[in-house]
Structure formats: structure tokens, C-alpha cells
Amino acid sequence: MDSTETTPAALPVPLLELVTKDGCHLCEDAVAVVSDVASELGLSWHEIRIDGDAELTDRYGEEVPVVLVDGVQRDFWQIDPVRLRGILARAMGKA
């Protein structure tokens, strides 16, 4: 690369989290949706289980599954893959 070339700025990588609990059929569906969308976009994600955590249960217990992007609740109950792709694209500076 010569000195006149520039490298593109790195796109932001959003923190993608899914809040779930045991015995939740919607959570199972959400894991599949989040996993598929994250894979398509080349992102990692992690699951936060509220089981046994009183604070998380108080905060999210009635809404699980809950999608958090950069710590902000962005979706809950039935996770829509189209909506999630759009949220993540905006968070990555692609939209």
C-alpha cells in the first residue's frame, strides 16, 4: 500500500445478548433466530440466563426472551429476524 491509499475505518461491532430462561419455548425459538442472524452478519453473541438470578428475573422475567444490543433492550417475546437484522445493521453503521 502506498501512502495515498487509505484503509476503510473499521465498522462498530455491537454487543449482542439474548436473555433467556429454562423451560421457555419462545427462548428456544429466539436462540435459533439470534444465532442465524448473527452468523449472517459475522457477529458473535451470548446468552444470559436469568434462572437463579433474582435481579435479572425481576428485570426481565415477564419479557423473556429479550434481545439486548449494546446493553439496550431492542426486542422481546417473539424475536423478528428482519427487525433484528435492521437493528444490527444500524448498530454496525451499515444502514
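Which residue forms a salt bridge with Asp22? Hi everyone, let's start there. The partner is Arg49, and the closest N and O atoms are 1.9 Å apart. By salt bridge I mean a side-chain nitrogen of Lys or Arg within 4 Å of a carboxyl oxygen of Asp or Glu. This pair links distant parts of the chain: Asp22 sits in the loop between S1 and helix H1 (25–41), while Arg49 belongs to strand S2 (residues 46–49), 27 residues apart. Helices (H or I, at least four residues) and strands (E, at least two) are DSSP runs, numbered from the N terminus.

A quick word on the model. It is a predicted one, where local features need pLDDT of at least 70 and side-chain atom pairs count only at pLDDT 80 or more, while totals for chains, interfaces and linings use all residues. Residues are numbered from 1 along each chain as its sequence is written, and side-chain values use heavy atoms, with hydrogens and water left out.

Back to the charges. The whole structure has five salt bridges. Arg49 also pairs with Asp51, with the closest N and O atoms 3.8 Å apart. Arg49 is partly exposed at 37% relative accessibility, and Asp51 is partly exposed too, at 36%. Here buried means under 20% relative accessible area, exposed over 50%, and partly exposed in between (1.4 Å probe, protein chains only).

Another salt bridge joins Asp75 and Arg83, at 3.5 Å between the closest N and O atoms. Asp75 is buried at 12%, whereas Arg83 is partly exposed at 42%. Through shared partners, salt bridges connect Asp22, Glu47, Arg49 and Asp51 into one network.

The Glu17 side chain does have a polar contact of 3.1 Å with the side chain of His46. That term covers a pair of N or O atoms within 3.5 Å; within protein, one must be able to donate a hydrogen and the other to accept it, and residues adjacent in sequence count only if both atoms are side-chain atoms.

Last stop: the cysteines. There is one disulfide (a pair of cysteine sulfur atoms within 2.5 Å). This disulfide joins Cys24 to Cys27, with 2.5 Å from S to S. The torsion about the S-S bond is about 80°, so the disulfide is right-handed. Both Cys24 and Cys27 are buried.
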